[in-house]
Structures are given as structure tokens and as C-alpha cells.
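User: I've got a model open and a few things to check. Can we go through them one at a time?
Analyst: Go ahead.

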Amino acid sequence: MVTSFKKYQEEYQKSIITPIDFWDHQAQHFVWRRKWDKVLNYDFHKPEVQWFIGGKLNITENCIDRHLPSRAHQTAILWESNDPAEPSRRITYQELAKEVNRVANMLKAHGVFKGDRVCIYMPMVPETAFAILACARIGAVHSVVFAGFSAGSLADRINDCGCKVVLTADGAFRGDKKIELKSIVDEALKNCPSVKTCVVLNRTKLNVTMRAGRDFWWHDQIKTASDFCVAEEMDSEDLLFILYTSGSTGKPKGMVHTCGGYMVYTNYTFKNVFQYKEGQTFWCTADVGWITGHSYILYGPLSAGATTLMFEGVPSWPDMGRFWHVVEKHKVNIFYTAPTAIRSLEKAPLSFVEKYDLSSLQVLGSVGEPINEEAWHWYDKNIGKGKCPIVDTWWQTETGGIMISPLAGITKTKPAFATLPLPGVQPAIMDESGRELTGNLCEGRLAIKFPWPSMARTIYGDHQRFKDTYFSTFPGRYFTGDGCKRDEDGYYRITGRVDDIIIVSGHNLGTAEIESAIDEHSAVCESAVVGFPHDVKGQGVYAFVVTYDPVHEEGHLRNEIKDVVSKIIGPIAKPDKIQFVSGLPKTRSGKIMRRILRKIAEGDVSNLGDTTTLLDPAVVDEIKRGAM
Ligand code: WT7
């Protein structure tokens, strides 16, 4: 553990000068069936990256079994229901072992073996954690799909990696709503020939249809499953999971993460960034359907033997004090959430915070998008009471774990700055022509120069796309897609995406994907989507839409378009603003000039830059006049 800033500096230097020794040492802290022959192989041009080559392990032996002698009766997962009246559940490490093994045996009984893909489309309940770990136990590759995605998005993800089994629930509680998960799965499975089995957890008691031969009830299946299951021996570089993230063009990318490096890195970053101390209760409010949930609800905390809190509900129900109620009730020590949640809670009266005793809190975290200074100060003052360090953690689905972040209480923080790279991380700020900017003060695009253990290895089924997306902009380096500044102290500040990805409430959305969903509406001829600053969501979705015929009832059509997007992608991608326009600003070669639309959406129309290359400059004036 890094325990002081001086140690951080020493450790950082070591990790840069002798990265092999550094990671070799870190990897010693785990249970391996067989030690690695070589720490690292890499070539960022191919690209190819392998860590702990020849090493054999099972991540669940590190997250569960090895803790049993010392903490069998310690809570591993502390679960809080959507409904505050429903009792919480405490799953000890010993119970976790049994439950995971049961689900593992259930999967085996359905013919799931090492290397098979399993789709998990479930609510935030402990069974979902059991399911994820059960896949890892038997070497099946989990692909968790956030239970807010539509049937179409789910089907795309299932088909992309050919899942054999889908694990789901009848429904999910989210605030005062019930989401009909099983019927969404039914819809998706109409087009998923690879799926032979669907196991359904009973959570909401919604009425569902069960298709004989394909659909089974979880509780029936689990009854007969033994609670003993030998962990499959995995190679360091065997697949642990696939997790989909939006691309700036085309379909979502199935990011592939492997066993050894991911385990070492999520554990190292969990312990060091949050300065986790034995016995603390850690709460990451993300959904397990995102990378944050994978790495910092499950694998990081459990590999460290922590107590991890899993929350089924939402911050605003039954009222805006729910998070703080949960912190008080479970005496949470480390709290990790997203700026969008902070901004929405900041809008509620302070009495929702003041009602609760938050004195258990010691460390606060932020993730998912740049945190604005105002939200940072509100969080610091009202939640941390000025005595909890805030770690603003920058990372991505692709990076697997936190990359740039303060170490809690060790790195001096600066609002809105992710501060300094973690040991092992070698950032570079690049200019447009591909040169690395040196010296502290600079601004450009963020790239990473050297591999780190938890980086994604490829895009499932499309290595060329992996290379094109991440390793071609700056040959020999990993390109993050983010803009970044470095200040006089060498601190990093992430300024946001520089590609066609927007971050809405911390969710990563590709504008191209939203456009193609909008274009599915029969009245729509074409559309262009950009982000705009939104005071709660960070960015909102602004759609410029061209219709075939003049629009008579704008409100009606807007709602229809929102429904289409919701149906095709999911409610998270619904446009906040839809402006009907007679044409889009295009260059003579037919390319939409998004730069102009972005400016208009931001409400900054004074200087639209060079518009002389436009095919029809008049359209810009019309769009400006109609801007919302
Ligand atoms: C994108 C990755 C990392 C898990 C959640 C999101 C943005 C993430 C920060 C931060 C500024 C941030 C970046 C990044 N982002 N954390 N602390 N400060 N921006 O994972 O969905 O893969 O999104 O989120 O733009 O590229 P993701």
C-alpha cells in the first residue's frame, strides 16, 4: 500500500523505470495455481498485450476462497433493497462461496463450460453478483448488459458474442417503477438463435410467460445444485468478460478483459485509490451493468476482502435523501458515485442531507464524467463535511480500472482535476499533429504510452476495429478519446470527449447510434445528434431532425421520436431536445459539420467559425433561429 505522497512518488518512479519488476511484485499477493513465466509481452502497433504470461489462476479463488480461513463470517456483500422497508441482506464470504458455487453448478447443468458466453440481464440483487462470479468460477465469459437497455440492444449484444444462456429476472424495481425484464428478453430472444436456455429469477412477481424447454425458474434450478464446485483453472490471458461500450460509429464494441491482469490491477487500484482499510464498508453506487460495477462493486473490493454494498434503488426514491439514509443505516466508510447523481441531489433541499448522520464517511469518490467545481464543493462541504478527501477517478470501460486519480488523503486534491496518474500509468498529451506535448502546462488529447495490466485486449470479434479505434490515431500509443489539460503542477484535468461520444448522466452514448435510431421513424429523413451542456446530466442529447414532410404537430412527433429511441436503444438515450430543421449543414462532400451544430446546441452562436465550405450556408441561419 502507498501510504504517503513520498511513497507515491517513489512507487510511481519505480513503476515507470522498472514496470516489469513493479507488476511482478504486485502480482505476488494473489493465489496462483501456477506462477507466470514472463510478466509482459506487448506491441502497441499490432496491437497485442499479454500480462503474467503462462500464469494460471481463478479470480474467484482470489475473491472468495482465499478469504475463508480468516473472514468466513465477515459480510462480503451488503445488499440494500429498492424499497427501504424490505430488510437488507448480508451475505458473508462463506455464504458467497456457497451461492456462487450453486449458480456455477446450475450453469454447468445447462451445458455451460469454459469459454462459453453467458449474458446477464438482471437487476441489482445479490443473485446477479453470484451469477457473475459463477461464470468466472467455471471459466464462462460473462457479458453483463445493463437492465435499462431495450430488447434490440440486448439482442445485438447477445448475438455479437453468441451467448448460450441468458440469466434474467421477471422484473426489476427501480424507484416506483417496475421494469419488465423477462418480456424484454422474450422480445430479444426472437432473434437470438444461439441462446438455448434462459434462467429467470423471481424478483418482482410480475406475470411472465415461460417457454417450455428454454425458460427455467432460478429457484427451481438452484434447489438441486450442489454448493461445491471446483474452480476452473484459467490462463492469465483467458477471457474473463466482455462488456459493451458505445462507439463513435457503428455498433457497440464488446471490450474484452482477461483474468490475470484485470485481477491484479483492480485490486491494486481499489486498495490504493480509496486507501481501503480492513473492516471498512465500501459503497459504489454504479450498476453492475457498467465497468464501474464490475471493477469496484465486485472484483476490486472482493479481491481485497472488503464489505461491498450493493444498492438496488435510485437516489431519488422514496425521496432525495435515500443515499444519505443508506450511508447512515450501514455506516458506509467509502462512498463512490457519479457527478450526475451529485448534481441532482444538490438541487434538493439540504434538509435531505442534514437529517442523516454521515459521520461514518471517510473517503468520497467521483467517476464517469468531469466533475464541475460547484458539484465538487457541494460534495466536499455537505457530504464530506470538509474532512473527507474526494478522489476524482478518471478511467474507461477499456482501461478496466482507475488510471488517473488522487490517492485518498495522500494526493493534494484540486476541484475538477483527476490529478496524477496511478503507478504504472504513463499518460501523454498529444497535439493534433500527433506530437507529444512536453512540459507541464499544455492541452491536447490524452493518450497512454505503456500497457497496464487491466487494459482491454481487443474488441470481441473485431481486432481491426480495436486497432483502428485506439491505436491508429497516435501510432504506438493507446488513444483514450478524451481531451485533457495539464497544469503548472503537472495535474491532469479531463476536459471531455473529443470524438462523437457523449456522456449523459455518466452513460457513454454514441451519437451515430442515436441518429440511426431516430432515422427509424418513418417521418424522419435524416438527423444529427450532438451533446449540449445539461446542469444535471452533464451532457444532454440534442437532435436536429429533417423530416420528409412539414411537421404539423411538433410535440406529438417529438414524443414519437423519443419513444423510438427508447425502444431501440433504451430510455437513457432519449433526446432531451429535438429541433426540426429543413436541412443539415453539410460540406460539399456531404459531411455533416457537427462542429457548427455543437456550437448551436451549446447556445454559442456568435462565432461559428468558417462556414464557407458549406453547401448551403443559409440553412445555418435557419437552424440558429430555431435553436432551443
Ligand atoms: C469516459 C469513459 C470509468 C467508468 C465509468 C465510465 C469519462 C470517466 C471521468 C472523470 C472526467 C471522466 C471520459 C471517459 N470519464 N471518468 N473522473 N473525469 N471524465 O466509463 O462509460 O467507458 O466512459 O467517461 O470521457 O473516456 P465509460
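Predicted model: local features only at pLDDT ≥ 70, side-chain atom pairs only at ≥ 80, totals over all residues.

User: What does Asp392 do in terms of polar atoms? How far is its side chain from a ligand nitrogen?
Analyst: A polar side-chain atom of Asp392 is 2.7 Å from a nitrogen atom of the ligand.

User: Which part of Glu369 is involved, backbone or side chain?
Analyst: The backbone. A polar backbone atom of Glu369 is 3.3 Å from a nitrogen atom of the ligand.

User: Switching to pockets. What volume does the second largest pocket have?
Analyst: About 350 Å³. Its lining consists of 17 residues, and those nearest the centre are Tyr12, Pro421, Pro427, Arg486 and Tyr492.

User: Which helix gives the most to that lining?
Analyst: Helix α1, residues 5–17, which contributes six residues to the lining of the second largest pocket.

User: How does the lining split by class?
Analyst: Eight nonpolar, six polar and three charged residues line the second largest pocket.

User: Next, helix α8. Which of its residues are buried?
Analyst: Helix α8 covers residues 181–189. The buried ones are Leu181, Lys182, Val185, Asp186, Ala188 and Leu189.

User: Where do the buried residues of α8 fall, seen down the axis?
Analyst: Within an arc of 165 degrees, so the buried residues line one face of α8.

User: Now Phe149. Where does it lie, and is it buried or exposed?
Analyst: Phe149 is in the loop between β7 (141–144) and α7 (151–161). Its relative accessibility is 10%, so Phe149 counts as buried, the cut-off being under 20%.

User: How far is Phe149 from Pro571, in sequence and in space?
Analyst: Phe149 and Pro571 are 422 residues apart in sequence, and their C-alpha atoms are 7.5 Å apart in space.

User: Last one, His29. Where is it placed?
Analyst: His29 sits in the loop between α2 (19–27) and β1 (38–43).

Key. Residues numbered from 1 in each chain as written. Heavy atoms only, no water. 1 Å grid on protein atoms, 1.4 Å probe; cavity = no way out; pocket = protein on both sides within 12 Å on 5 of 7 lines; lining within 4 Å. Points joined across faces, edges and corners; volume = space filled by probe spheres on them. Helix = DSSP H or I, 4+ residues; strand = E, 2+ residues; numbered from the N terminus. Nonpolar A, V, L, I, M, F, W, Y, C, P; charged D, E, K, R; others polar. Buried < 20%, exposed > 50% of the residue type's maximum accessible area, 1.4 Å probe, protein only. Arc of directions from axis to C-beta. Polar contact = N/O pair within 3.5 Å; in protein donor to acceptor, adjacent residues only side chain to side chain.
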